[in-house]
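Hi everyone, thanks for coming.

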Amino acid sequence: LSSVKDAETGTRGYLLSNDEQYLTPYHQASLQAWDHVNKLKAMAPRANKDRMEVDQLQRVVEERFRIFETL
């Protein structure tokens with residue numbers, strides 16, 4: 001979730017200033033967020049309560065980045 005927060009901060013900075021330097025943290029945070037989700041998926045067996053929670057986390061991360069991309 002920290003990576004998602006960092007992406008949100010970068011998006012906000014870009015929207016306020018129109019300065020593309022704020023997109024660098026956004027892109028880095030995006031990569032980190034997906035890296036974290038994929039690592040959690042690899043650690044959680046399928047059809048398990050932990051996996052269901054990781055899948056829910058993935059859906060939340062996807063939705064947040066979908067929102068960022070529309071701004």
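Let's start with helix α2, residues 23–43: at 1.5 Å a residue, its 21 residues should span 30 Å, and its end C-alpha atoms are 30 Å apart, which agrees. The expected span here is 1.5 Å times one less than the number of residues. As for what counts as a helix, helices (H or I, at least four residues) and strands (E, at least two) are DSSP runs, numbered from the N terminus.

Before I go on, a word on the source: this is a predicted model, where local features need pLDDT of at least 70, side-chain atom pairs count only at pLDDT 80 or more, and totals for chains, interfaces and linings use all residues. Residues are numbered from 1 along each chain as its sequence is written, and side-chain values use heavy atoms, with hydrogens and water left out.

Back to α2. Which of its residues are buried? They are Y26, A29, S30, A33 and V37. They cover an arc of only 110° around the axis, so they sit on the same side of α2. That arc is taken from the directions from the helix axis to the C-beta atoms. On the other side of α2 you'll find L31, A42 and M43, which are exposed. Buried means under 20% relative accessible area, exposed over 50%, and partly exposed in between (1.4 Å probe, protein chains only).

And what covers those buried residues? The cover includes α1 (2–17) and α3 (49–70).

Now the whole chain. It has 3 helices and 0 strands, and from the N terminus on the elements run α-α-α. The C-alpha atoms fill a box of roughly 45 × 20 × 15 Å, taken along the principal axes. Of the 71 residues, 25% count as buried. Take the contacts (heavy atoms within 4.5 Å) between residues at least 6 apart in sequence: 57% of them join residues at least 24 apart.

Next, the loop between α2 and α3, where P45 lies. P45 counts as partly exposed, at 45% relative accessibility. The C-alpha atoms of P45 and D19 are separated by 42 Å, and these two are 26 residues apart along the chain.

Last stop, I67, which lies in helix α3. I67 is partly exposed, with a relative accessible area of 35%.
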